[in-house]
Amino acid sequence: MKNENFVQIPNKMFADTNNDEKLVYAILQYTQTVGLLNKDNRMTRTMIPLLVSDLGWSKGKYSNKKVVTALNGLKEKEYINFESTQGVFTVQINNIDSQEEHTISVDWKENNVKFSGFTKIKYSVIDNLLENKDFTLYSYAEYRTMKT
């Protein structure tokens with residue numbers, strides 16, 4: 001069986017990100033060009049229109065705003081850092097400690113829910129999960145399958 005490349009979605013993202021943030025995070029990893037050998041300093045360079053195109057979203061101010069909102073959300077939550085010069089974003093994908101456990105309480109369960117590690121999303125399925133699909137639902141299903 002052929003080994004296939006994949007992006008890593010930190011499982012803690014199920015607790016604190018929305019679908020757009022997960023998609024942008026996956027595309028940033030998918031397009032990463034610098035730092036392949038140094039996992040602590042993975043980098044990519046991109047522009048808002050390029051991310052909109054990579055995401056398969058329709059071109060326009062609404063899609064641009066969704067990307068900007070997702071980038072800012074990921075930065076606030078410390079998944080990424082970025083600098084922008086003349087519309088070009090240099091994005092650092094922060095190293096997430098896969099052993100660190102994140103616990104959240106939910107109304108529908110007595111015990112807290114714990115997240116740690118990563119879920120692998122294969123490159124071959126990413127394009128099929130972009131427009132009008134729920135990336136969160138797919139990645140959570142992969143997480144549940146992987147968990148066993």
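Trainee: Where in the protein is confidence lowest, and where is confidence highest?

Mentor: This is a predicted model, and in it confidence is lowest in strand E5 (residues 102-104), at a mean of 78, and highest in H4, at 93. For the protein as a whole, the mean pLDDT is 84, with 91% of its residues reaching 70 or more.

Trainee: At what angle do helix H2 and helix H4 pack, and how far apart are their axes?

Mentor: Two packed helices are described by the angle between their axes and by the distance between the axes. Here helix H2 (residues 19-30) and helix H4 (residues 61-76) pack at an angle of about 85 degrees, and their axes lie 9 Å apart; H2 and H4 are therefore roughly perpendicular to each other. On the H2 side the contact is made by Asp-20, Glu-21, Val-24, Tyr-25 and Leu-28, while H4 brings Lys-66, Ala-70, Leu-71, Gly-73 and Leu-74. Sorted by class, this contact of H2 with H4 has six nonpolar residues, one polar residue and three charged residues.

Trainee: Which residues are buried in helix H3, and what covers them?

Mentor: An α-helix has 3.6 residues a turn, so residues three or four places apart point the same way. In helix H3 (residues 48-55), the residues Ile-48, Leu-51, Val-52 and Leu-55 are buried. Seen down the axis of H3, these buried residues fall within an arc of 100 degrees, so they line one face of the helix. What covers the buried residues of H3 includes H2, H4, strand E2 (42-47) and strand E4 (88-93).

Conventions:
Residues numbered from 1 in each chain as written. Predicted model: local features only at pLDDT ≥ 70, side-chain atom pairs only at ≥ 80, totals over all residues. Heavy atoms only, no water. Axes fitted to C-alpha atoms, helices over the stretch in contact; angles between N-to-C directions. Helix = DSSP H or I, 4+ residues; strand = E, 2+ residues; numbered from the N terminus. Parallel < 35°, antiparallel > 145°, perpendicular 65-115°, else oblique. Contact = heavy atoms within 4.5 Å. Nonpolar A, V, L, I, M, F, W, Y, C, P; charged D, E, K, R; others polar. pLDDT = per-residue confidence, 0-100. Buried < 20%, exposed > 50% of the residue type's maximum accessible area, 1.4 Å probe, protein only. Arc of directions from axis to C-beta.
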